[in-house]
Amino acid sequence: VEEPFGGTGISGRLKVGPLLGTAARMSTWPLRQVQTAIRDEVLMPAETDGGAAAAAGTVAVDGLPDLDTPTRVHDLVIAFYREIVFDPVLAPVFEDAEVDWSLHIPHLIDYWCKILLGATTGYVGNTTRSHRALHQVVPIDATHCERWFTLWVTSIDTRWAGPTADHAKRHAEAIMAGLAKHVFDVPWPTA
């Protein structure tokens, strides 16, 4: 079953299994139920189409593709949040913040498509404002910053390599450094 996230963005489609249902309904699920759905692989990356989507992009270092198509950006965001919902440091942050996954994930897919691919539609938002609001609900410290960045880099390095993948890591590092200093008021990176 394939269901669109909706909206005007280029976030593409998220393949969901029959147990998951609609993305909107998933947003009302407690974190543990989302974790179970992800663990049971009913939430799947878009490139599970037998590789047809991978053919559209380029292959870079060591046979790994670059992060240069909307489908690959989609898969990165999905892979990253798969890690977050099971992470003992970050999962509680998202649970306490009551993140609406049906909005958050496609919003970030659109954000990263804008940053990495120059997409001109889809993403509308203010990173500083949204993270300032998060910090008021759940105080973010240097451990959270470091873990977020580590999971992001690992999510990239396990599946992608090349100039766009490198840009995704550099941009994430710049974002986290700015948020840590100006919003969370914590030292980052930690030594």
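Visitor: Which residues in α3 meet which residues in α5?

Guide: P70, V73, H74, V77, I78 and Y81 in α3 meet W101, H104, I105, L108, I109, W112, C113, L116 and L117 in α5. Contact here means heavy atoms within 4.5 Å. This is a predicted model: local features need pLDDT of at least 70, side-chain atom pairs count only at pLDDT 80 or more, and totals for chains, interfaces and linings use all residues. Residues are numbered from 1 along each chain as its sequence is written, and side-chain values use heavy atoms, with hydrogens and water left out.

Visitor: What makes a stretch a helix or a strand, and how many of each does the protein chain have?

Guide: Helices are DSSP runs of H or I with at least four residues, strands are runs of E with at least two, and numbering starts at the N terminus. The protein chain comes to 8 helices and 3 strands. Along the sequence the pattern reads β-β-α-α-β-α-α-α-α-α-α.

Visitor: Why is α3 called oblique to α5?

Guide: Their axes come within 9 Å and cross at roughly 135°. That angle makes α3 oblique to α5. The classes are roughly parallel under 35 degrees, roughly antiparallel over 145, roughly perpendicular from 65 to 115, and oblique for the rest. Axes are lines fitted to C-alpha atoms, for helices over the stretch in contact, and angles run from 0 to 180 degrees between N-to-C directions.

Visitor: Is the crossing of α3 and α5 left-handed or right-handed?

Guide: The crossing of α3 and α5 is right-handed. Right-handed means that the near helix is turned clockwise from the far one by less than a right angle, left-handed that it is turned anticlockwise.

Visitor: What is the crossing angle of α3 and α7, and what is it called?

Guide: The axes of α3 and α7 come within 9 Å and cross at roughly 135°. So α3 is oblique to α7. This crossing is right-handed. L76, A79, F80, E83 and I84 in α3 meet W148, L151, W152, S155 and I156 in α7.

Visitor: How do you know that D75 and R159 form a salt bridge?

Guide: Their closest N and O atoms are 3.8 Å apart. A salt bridge is a side-chain nitrogen of Lys or Arg within 4 Å of a carboxyl oxygen of Asp or Glu. The pair qualifies. D75 lies in helix α3 and R159 in the loop between α7 and α8, so the bridge ties together parts that are 84 residues apart in sequence. A search of the whole structure finds 5 salt bridges.

Visitor: What share of the protein chain is buried?

Guide: Buried residues make up 46% of the 191 residues.

Visitor: What makes D157 and K169 a salt bridge?

Guide: The closest N and O atoms of D157 and K169 are 2.6 Å apart. The pair links distant parts of the chain: D157 sits in helix α7 and K169 in helix α8, 12 residues apart. D157 counts as partly exposed at 37% relative accessibility. K169 counts as buried at 19%.

Visitor: How far apart are D166 and K169?

Guide: The closest N and O atoms of D166 and K169 are 3.6 Å apart, and the two form a salt bridge. Being 3 residues apart in helix α8, they are separated by about one helical turn. D166 is partly exposed, with a relative accessible area of 34%. Salt bridges that share partners join D157, D166 and K169 into one network.

Visitor: How many disulfides are there?

Guide: The count comes to 0 disulfides. A disulfide is a pair of cysteine sulfur atoms within 2.5 Å. C113 is buried at 0% relative accessible area, and C145 is buried at 0% too.

Visitor: Which residues does a cis peptide bond join?

Guide: W188 and P189, with omega about 5°. P189 is found in the segment after α8.

Key
Buried < 20%, exposed > 50% of the residue type's maximum accessible area, 1.4 Å probe, protein only.
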